[in-house]
Structures are given as C-alpha cells and as structure tokens.
Amino acid sequence: MNDSYLNFVNSPLGARVARSLHLPKPEVLRRYRADAPEFDGIVAVGAGPSPQLLDALAGVIARIGMTSVAHAGASAWMPLANRHGLMTGRFEPAQLAGHAAGSQASVRALVFDASGIADSAQLDTVYAFFHDALRSLDKCGRIVVLGRPPEACASPRQWTAQRALEGVTRSLGKEARRGIASNLVYVAEGSKSSAESSTTSSVEHHNDSGIESTLRFFLSPRSAYVSGQVVRIGTAPSAPGEDFDWTQPLAGQRAVVTGAARGIGAAIANVLAAQGAHVTGIDVPAATDALDATMRQISGTALPFDIAAPETPAQIAAALDELGADVFVHNAGITKDKTIAKMAEPAWRDVIDINLSAQERIDDALLEAGTLRDGGRIVCVSSIGGIAGNLGQTNYAASKAGVIGRVQSMAPHLAKRRITINAVAPGFIETQMTAKMPLAIREAGRRMNSMSQGGQPVDVAQTIAWLAHPGSAGITGQVVRVCGQSLIGA
Ligand code: NAD
C-alpha cells in the first residue's frame, strides 16, 4: 500500500510544508537493493572494559568491506586495529581520525562491545561513546550493542549491568529517529573458532561463532524496519566455514512458505529464492492463479492446499518427497475481528485453527516423517497483536500469542536435531490485510513507531531470511518484532 503522507513530506514542497508546520517527517528507509552495495561507509566502534567480542566484530567488519574506527575517548577516533593491537593491516587506515564526530563522515553504524561490563558503574563507557558518536551517525544508520546474556552472568552485579543495556539500546532507537535502527545482541560465550584463532596472535579469542549472520543482518539495509529488539545468540553447534558463499546463503536448500500467493508470504518466497533456495509455496486453492504467478517468477513449486484441511500435513510431506525441506515458514494467517461478545464461534475457531493449530499439525507430521531435515529452520509469523492484545482481536491475539508459546516450547525439543524455531512478530506492514483497516486506526498504526511509518512485506521477509540462514544456528526459541520499534506492546 502507498503511504501518501511519507511520499508527500519527502517531496520538495511537502518537506517545506512539514518544516514550517513542525510536522513529523518519516525518513524514506534505505532498504537492500541487489544493484547497490549492501555494505559501505564507516562503522564506529566503542567498547567497555575488557571487551570480548571486538575480535569477532573486527573480523566481520573487515570481511564485509566496511571501514572501522574505534572510539578513543573525547571525540577522538583511530583505526580499530591499532587501538587493540590486533590484526594490524587488516583494515583500511581510517581517514576519519578526528572527523567522525564532525559532519562529513559517512558513519553507517555505531557498534558498542559491552560484553565485559561487569558493574553498573562501568555503564559510563556506554554513555561516553554514544554521547560522542550519536550525532555523527548517518540517517538510516544502525546502532548495535553487544552484550552477554544477563541470565548467564556469574554475579548479580554483572547481570544487572548487562540487563541495563536493554534500556539504553531501546532509548537510543527512540532518540535517534531519522530512520536509524537500534538493537541489542546478547552473545553467549562459546568455544574457540578455528577460523578466527588461526588468523591472529596472542589474544584470547572467544568464538562467538554465531555472531556473523546476525551482525551482517543488523549492519545491512535488510534490517531497515527492525529496531528496539533484543536478540540472544546461543552457542552454535556449527558455523559457516571460510569458503561459505554469503551472497547465496540458501544455495541448494529447499524452503516452504505458507500463504505465499500474496503479501508478506510472496515477499518471503522472493527473498528466500534470491538467496538461493528452491521455494515451494502453499496457498488456498482459491488463490491458485496468484500463487502460480508468484512461483513462476522464482521458478518455485506451487501447492494449492488449505493448511487447515485434515489431509494437508500428509500431502505436504508427500509433495516434498524424500528430499524433504530445510526451511519451513508458517506465514499463512487470517483475521476475523469482532469483540468477543459479538464474535460468532466459527470466527473464533477458524482463526485459532488456521493461525495456530494447523502449524502444530503440519510440524508434527513433517518432523515425524523426517521431512524437515536435521539442522533445519522453522520460522513462524506471529504479530505484535499477540504481544499486546488488541480490541476486537481476542481470537487473532490468542493465535499469535500461541505461536510465541509454540516457538518457546518447541525450541528445546528441536535442539537435539539442531533444528531452530523462531517467530517474527510484524507490526504495521503495508499489505491487503492492513489496507482493510479503518482509516484512523490505519494512520495510528503507521505512525506509532520510531520510524513513523509502516513496514513493507520485504522487511518481514528479510528478517525471516536471517533466521533461516545457516549461520543463525545459535538463535532459537526467540521472537523478533519487525515493527519499527512500535509503541504497541513495547
Ligand atoms: P494476506 O491476507 O495479504 O496474505 C495471507 C495469505 O495467506 C493469503 O494469500 C491467503 O490466501 C493465505 N491463507 C489464508 N488462509 C490460508 C489457509 N487456510 N491455507 C493456506 N493459505 C492461507 O496477509 P499478510 O498481511 O501478508 O499476512 C501474512 C502473515 O503476517 C499472517 O500470518 C498475518 O497474521 C501476519 N501479520 C501481518 C501483519 C500486517 O500488518 N500485514 C501484521 C502482523 C502479522
């Protein structure tokens, strides 16, 4: 759907009107485009005492071809390599010393390694970095704070200080505006990685092997509408090797997407296919034409099945044959809104059945038959309605909260087979579903977030692709909102 307000205030005339009337001016978000560089510009890096993730971070920044500079206090910057005595020569010498805090530098991201912060007094270092650096961050820039999962911390003080990072990160998203996204990544301590430890010297290397797919996602325009999120990366059973092709991470994989005929499902199918997967799309028989058209564009396979029909789980398993699937995305969903007093029973039952129970039946069948391969990925589409609840949506919110319960409860069981299961919870996304909303509610949904605009289906799709990534093996049982840091349910 078209956001006419966003288009207007970003036109020359509209920008003048917005300025003179002090109207909010949502930024046109910088999204991933295949014909533009995904990573460019400068990553300004800061760290608290005893940082443990700088090495892994520096490696990723170097591999994606961005320039890194380290905060040296009092608005001074130097190449990250020199500051930590590591990996000299692996970085372009930064042109930036002295001028990152000025106006001309194209600082695309601020990343702070808070992993060593063990006491609340040490949070001063977080203040010093962002106080100096925030104004130099470009519009549509990224803020990433790296910490250690509080619940795994050795002492109450460390737990407390690590937990405090959530408050800083979420507030930075609200303060920064200008299309800037701010997220917190808690990285569990892992074992050593052979790839990392073979490259450099005497410094202790913590593997943190699951960090790369996540850092790439949060530093990329692919994460344009993901802000205010806290992601936990556990110890990954495996990480992509040195010869891994990061441009086609799903090459050779088979992915299934339900509700793929249109909207968010069609976007998911497109993004997974662009990353190398063969996609099988499922949608109701009534949507066969649209499903066929979507699948034709990506050389995918169309299965015209109603996911709620009793025979469907077995039919999906049969259609996927002995090759099975590596990625299953449960996207299909419906709404039948009414306050509970006015809601007819079929409206309750259909929404719970299609949005929740059908997912359970399909997963049970595919897991039992071994159709979903070991090491695979399940990604379910929830909603911020499932987090916050919503007037007139008791059925929908129950189904979407149930989806969250499903990923949390299934994750430990699936870990034995190295299968991850996660949920994305979209906020207001511009689709036919939201186009049906009354105007006032639609406008409120669009503006009540740090980006002051709705997201696009591709924003949800890119987030799902990150969770489906072979490098995201350490992320499971989690819910990531794709909501531009919506105030609803925050
Ligand atoms: P949409 O209505 O545009 O598309 C949903 C697709 O699912 C349709 O193609 C539909 O035919 C298909 N579908 C419905 N019932 C089915 C069934 N029984 N079997 C097979 N396919 C079925 O909706 P959308 O906006 O693209 O939403 C996709 C998902 O995202 C849904 O789960 C929805 O609840 C969730 N979501 C959307 C938003 C938003 O703002 N659009 C926000 C939060 C969550």
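Trainee: What should I know before I start reading numbers?

Mentor: Residues are numbered from 1 along each chain as its sequence is written, and side-chain values use heavy atoms, with hydrogens and water left out. The model is predicted, and local features need pLDDT of at least 70, side-chain atom pairs count only at pLDDT 80 or more, while totals for chains, interfaces and linings use all residues.

Trainee: How many helices and strands does the chain have?

Mentor: There are 17 helices and 14 strands in the chain. Helices (H or I, at least four residues) and strands (E, at least two) are DSSP runs, numbered from the N terminus.

Trainee: And what share of the residues is buried?

Mentor: Of the chain's 490 residues, 55% count as buried. Buried means under 20% relative accessible area, exposed means over 50%, and partly exposed is in between, using a 1.4 Å probe and protein chains only.

Trainee: What about contacts between residues at least 6 apart in sequence?

Mentor: Among those, 74% join residues at least 24 apart. Contact means heavy atoms within 4.5 Å.

Trainee: Let's pick a helix. Is H9 mostly covered or mostly open?

Mentor: H9 is mostly covered, with nine of its twelve residues buried. Those are Ile-264, Gly-265, Ala-266, Ala-267, Ile-268, Ala-269, Val-271, Leu-272 and Ala-273.

Trainee: What covers the buried residues of H9?

Mentor: The cover includes strands E8 (254–258), E9 (278–283) and E11 (325–330), along with helices H10 (288–297) and H17 (457–468).

Trainee: How far apart are the end C-alpha atoms of H9?

Mentor: They are 17 Å apart. H9 covers residues 263–274, and at 1.5 Å a residue its twelve residues should span 16 Å, so the two values agree. The expected span is 1.5 Å times one less than the number of residues.

Trainee: What follows the helix H9?

Mentor: Gly-276 follows H9, and its phi is positive, near 110 degrees.

Trainee: Which residues touch the most other members of the largest nonpolar core?

Mentor: Leu-146, Leu-272 and Val-279 do, in a core of 66 residues. This core draws at least three residues from each of domain 1 (31–233) and domain 2 (254–482). The domain bounds come from an automatic or database domain assignment. A nonpolar core is a set of buried Ala, Val, Leu, Ile, Met, Phe, Trp, Tyr and Cys residues joined through side-chain atoms within 4.5 Å.

Trainee: What does Val-279 touch?

Mentor: Leaving out residues up to four places away in sequence, Val-279 touches Ala-255, Val-257, Ala-269, Leu-272, Ala-273, Met-295, Ile-298, Gly-300 and Thr-301.

Trainee: New topic. How many residues surround the ligand?

Mentor: The ligand is surrounded by 27 residues, and the closest are Arg-262, Asp-283, Asn-331, Tyr-396 and Thr-431. A residue is near a molecule if one of its heavy atoms lies within 4 Å of it.

Trainee: Which atom of Asn-331 lies 2.7 Å from a ligand oxygen, backbone or side chain?

Mentor: A backbone N or O atom of Asn-331 lies at that distance from an oxygen atom of the ligand. For Lys-400, a side-chain N or O atom is 2.8 Å from a ligand oxygen. Thr-431 has a polar side-chain atom 2.8 Å from an oxygen atom of the ligand.

Trainee: Where is Ser-452?

Mentor: Ser-452 is in the loop between H16 and H17. At 8% relative accessibility, Ser-452 counts as buried. Ser-452 and Gly-179 are 273 residues apart in sequence, but their C-alpha atoms are 8.7 Å apart in space.

Trainee: Which side chain is joined to Ser-452 by a polar contact?

Mentor: The side chain of Arg-177, at 3.1 Å. A polar contact is a pair of N or O atoms within 3.5 Å; within protein, one must be able to donate a hydrogen and the other to accept it, and residues adjacent in sequence count only if both atoms are side-chain atoms.

Trainee: Is Arg-177 buried or partly exposed?

Mentor: Arg-177 counts as partly exposed because its relative accessibility is 36%. Arg-177 lies in the loop between helix H6 (156–176) and strand E6 (181–187). Its phi is positive, about 50 degrees, although Arg-177 is not a glycine.
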